[in-house]
Number of protein chains: 2
Amino acid sequence: MSNHIITIGREVGSGGREIGERLARELNIECYDRKLLEHTAKESGLCEEVLEHHDEKKRSSFLYSLVMEPHNAGFGGSPYAEMPIDQKVFLAQYNTIKKLAEQGSCIFVGRCADYVLAQQDHVLNVFITANKDFKVKRLMEQYNLTEKKAMDLIVKKDRERSSYYNYYTSQKWGNAKSYDLCIDSSKFGIDGTVQVIKNALNYR
Amino acid sequence: MSNHIITIGREVGSGGREIGERLARELNIECYDRKLLEHTAKESGLCEEVLEHHDEKKRSSFLYSLVMEPHNAGFGGSPYAEMPIDQKVFLAQYNTIKKLAEQGSCIFVGRCADYVLAQQDHVLNVFITANKDFKVKRLMEQYNLTEKKAMDLIVKKDRERSSYYNYYTSQKWGNAKSYDLCIDSSKFGIDGTVQVIKNALNYR
């Protein structure tokens, strides 16, 4: 089988995780979304709850560092040991993504995996968007939310994801030129989007 | 045959026009790139040289209007007749795109065709990107340019295209969420990109 490493960035509600999982089933490979946290916990020794709390979030402002992590305010020690916790989480996920990708074909959802694997061949970087109605409807059904709550969730989570991505990579989240393939899942449907990606693998 | 209306936005040097033309040949339909200007000239009565001069450019600043088109400075007359020339050109292209799309399947390259046809079904909006090396190499070969000139051309033309698009549409040029499908032609090659689009037509 060819070596397929696929990374999937996604807007909240666009179905990126589901697309990753279905594509993984069709290709008979692993899909790492939240499952990446378990692997990272095992690899790094960091607690899974800490990983989850800082997952795809860029929290540390200077003020936050001073209040929550006073040892980071520039007073001695090794830079790695005294790294802010969210950067430790990023680095731990970075190493885990690298290691998993070396083991063979798989799919990563989010977590800047496209940036982590930028130097590797055989990587296809995908981004999933969708129109507002599609995303709101999916989130309302999936999490039993009101329309207002679903819309608030989209704004909050997409802002977190874009801050996280823009901070750690040299690229811009959601900008076409940051990816190989961007697909509007509300245009093609979840299954259609899986097929478009699967077909595109033939032309890399 | 299904009704295929495809619009292709593109970065300079990414091969968007060539992709449009090859796809049109495969689907046996028309591709309108510069050919749109001829049709617009016939439809609108505007001179083809004027259309070409203002093609995909947003020129009019307030100062430009005052100096070059003093009749636009708010003194009476019909708003259409006294519209700045670049807006007249946009409107003439807008009407021509609408009319051509009503006649059946075709491909439009650039000219905000995705925005013009936003209310129509069966439209697939595509955007083509490519990495810098791929674009520079193509432009150097195509126009016999030095590397420096090719890079300057990319910056200048992409800025013109994005200003034009962002001014006339409510969307952002090159942002994944403005399109149904964005493809990096340096990843898939020109032929590969044609095949990815052609395949995606099956899943709209």
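Biologist: Which residue does B:Y32 stand opposite in β3(B)?

Modeller: B:Y32 stands opposite B:F108 there. Keep in mind that this is a predicted model.

Biologist: How do you know that β2(B) and β3(B) pair?

Modeller: Two strands count as a pair if there are at least two bridges between them. β2(B) and β3(B) have three bridges, in the parallel sense, so they meet that cut-off. β3(B) also pairs in the parallel sense with strand β1 of chain B, over four bridges. In that pairing, B:I8 has B:V109 as its bridge partner.

Biologist: What makes B:C106, B:I107, B:F108 and B:V109 of β3(B) buried or exposed?

Modeller: To be buried, a residue needs 20 or more other C-beta atoms within 10 Å of its own. B:C106 and B:F108 point one way, B:I107 and B:V109 the other way, and all are buried. So each of them reaches that cut-off. As for the pointing, side chains in a regular strand alternate between the two faces of the sheet.

Biologist: What order do the ten strands of the open sheet follow?

Modeller: The order is β2(A)-β3(A)-β1(A)-β4(A)-β5(A)-β5(B)-β4(B)-β1(B)-β3(B)-β2(B), with mixed pairing. β2 of chain A and β2 of chain B stand at the edges with a single partner strand each, so one side of each has no neighbour in the sheet. On average, neighbouring strands are turned by 20 degrees against each other, direction ignored.

Biologist: What joins strand β5 of chain A to β5(B)?

Modeller: Three bridges join them, and the two strands run antiparallel. A:C182 stands opposite B:C182 there. Across the contact between the chains, 20 residues of chain B touch 21 residues of chain A. On the side of chain B, α9(B) gives the largest share, seven residues.

Biologist: Why are α1(A) and α9(A) called roughly parallel?

Modeller: Angles under 35 degrees count as roughly parallel. These two helices pack at about 30 degrees, with their axes 9 Å apart, and are therefore roughly parallel to each other. The crossing is right-handed. Among the residues making the contact are A:I19 and A:L23 of α1(A), and A:I190 and A:V194 of α9(A).

Biologist: How many nonpolar, polar and charged residues does the contact of α1(A) with α9(A) have?

Modeller: That contact has five nonpolar, two polar and four charged residues.

Note on methods: Residues numbered from 1 in each chain as written. Chains lettered and ligands numbered in written order. Predicted model: local features only at pLDDT ≥ 70, side-chain atom pairs only at ≥ 80, totals over all residues. Axes fitted to C-alpha atoms, helices over the stretch in contact; angles between N-to-C directions. Parallel < 35°, antiparallel > 145°, perpendicular 65-115°, else oblique. Left-handed = near helix turned anticlockwise from the far one by under 90°. Contact = placed C-beta atoms within 7 Å. Nonpolar A, V, L, I, M, F, W, Y, C, P; charged D, E, K, R; others polar. Buried ≥ 20, exposed ≤ 12 C-beta atoms within 10 Å, placed from the backbone.
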